[in-house]
Amino acid sequence: MIHKRLRPFNTKQTYPEQNLDNDLSQGVVARGTMVFLRGQVSQDLETRECLHVGDAGKQTAKTMENIKMLLEEAGSEMAHICRIVVYVTDIRYREAVYQEMGKWMKGVHPCSTGIVVPALARPEWVVEIEVTAVIPDAA
């Protein structure tokens with residue numbers, strides 16, 4: 001593994017009362033050039049159209065698709081995500097958001113923080129995800 005993941009865990013054990021399956025870590029020691037992505041939302045990055053209004057799970061899927069595309073454009077990939085910050089506008093969206101996010105982050109084990117906020121930049125957005133990744137140094 002390129003990056004050292006500190007105390008990796010799965011949310012199934014940490015939150016047994018919730019239907020979650022996310023691979024996370026308490027910390028990540030990364031080597032390489034850092035990539036900072038601004039908070040991503042369910043928006044078509046070409047047309048700026050807001051997508052999947054009212055559906056937290058589908059908004060998360062589009063958000064993760066945007067993150068993957070931007071990381072690849074930067075020369076990185078999902079496996080090199082070190083930190084992820086998730087903003088939701090209602091705690092009730094957490095399960096749908098984290099279930100979808102977990103599909104994209106399987107085996108990655110980033111540090112993760114989740115925050116409930118009163119609103120995002122547009123009222124139709126219910127989730128925003130910010131990512132810090134790296135482009136690994138050449139071996």
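**The mean positions of the 16 positive and 18 negative charges of the chain lie 6 Å apart.** Lys and Arg are counted as positive and Asp and Glu as negative, while His and the chain ends are left out. Each charge is placed at NZ of Lys, CZ of Arg, CG of Asp or CD of Glu. The structure is a predicted model, in which local features need pLDDT of at least 70 and side-chain atom pairs count only at pLDDT 80 or more, whereas totals for chains, interfaces and linings use all residues. Residues are numbered from 1 along each chain as its sequence is written, and side-chain values use heavy atoms, with hydrogens and water left out.

**The chain holds 3 helices and 8 strands.** Their order along the sequence is β-β-α-β-β-β-α-β-α-β-β. The chain has a radius of gyration of 15 Å, close to the 14 Å that the globule rule gives for 139 residues, so it is as compact as a globular protein of that length. Helices (H or I, at least four residues) and strands (E, at least two) are DSSP runs, numbered from the N terminus. The radius is taken over C-alpha atoms, and the rule is 2.2 Å times the number of residues to the power 0.38. Along the principal axes, the C-alpha atoms fill a box of roughly 45 × 40 × 20 Å.

**Of the 139 residues in the chain, 44% are buried.** Buried means under 20% relative accessible area, exposed means over 50%, and partly exposed lies in between (1.4 Å probe, protein chains only). The accessible surface of the chain is about 7,700 Å², and 51% of it belongs to carbon and sulfur atoms. These areas come from the Shrake-Rupley method with a 1.4 Å probe; for residues, only the protein chains shown count as cover. Among contacts between residues at least 6 apart in sequence, 75% join residues at least 24 apart. A contact means heavy atoms within 4.5 Å.

**Helix α3 (residues 94-104) has buried residues, including Val97 and Met101.** Arg94, Tyr98, Glu100 and Gly102 are also among the buried residues of α3. The buried residues of this helix pack against α2 (56-74), β6 (81-88), β7 (111-116) and β8 (127-135). Ala96 is found in helix α3 as well, but Ala96 is partly exposed, with a relative accessible area of 32%. Leaving aside neighbours within four places in sequence, Ala96 is in contact with Ala56 and Gly57. Ala96 and Asn19 are 77 residues apart in sequence, and their C-alpha atoms are 9.2 Å apart.

**Ala56, in helix α2, is buried at 6% relative accessible area.** Not counting residues up to four places away in sequence, Ala56 touches Tyr93, Ala96, Val97, Val126 and Val127. Ala56 and Val117 are 61 residues apart in sequence, with 14 Å between their C-alpha atoms.

**Gln40 lies in strand β5 (residues 33-40).** Gln40 is buried, with a relative accessible area of 6%. Apart from neighbours within four places in sequence, the contacts of Gln40 include Leu45, Thr63, Asn66, Ile67 and Leu70. Val127, Glu128 and Ile129 are also in contact with Gln40.

**The structure holds 0 disulfides.** Cys82 is in no disulfide, and the nearest cysteine sulfur, that of Cys111, is 7.8 Å away. A disulfide is counted here as a pair of cysteine sulfur atoms within 2.5 Å. Cys82 is buried, at 9% relative accessibility. Cys50 is buried too, with a relative accessible area of 18%.

**His52 and His109 lie in loops, His52 between β5 and α2 and His109 between α3 and β7.** Most residues other than glycine have a negative phi. His52 has a positive phi of about 60 degrees, and phi of His109 is near 60 degrees, also a positive value. His52 is partly exposed, at 37% relative accessibility, whereas His109 counts as buried at 16%.

**Asp137 lies in the segment after β8.** At 48% relative accessibility, Asp137 is partly exposed. Not counting residues up to four places away in sequence, Asp137 touches Arg31, Gly32 and Thr33. Asp137 and Thr33 are 104 residues apart in sequence and 7.2 Å apart in space, C-alpha to C-alpha.
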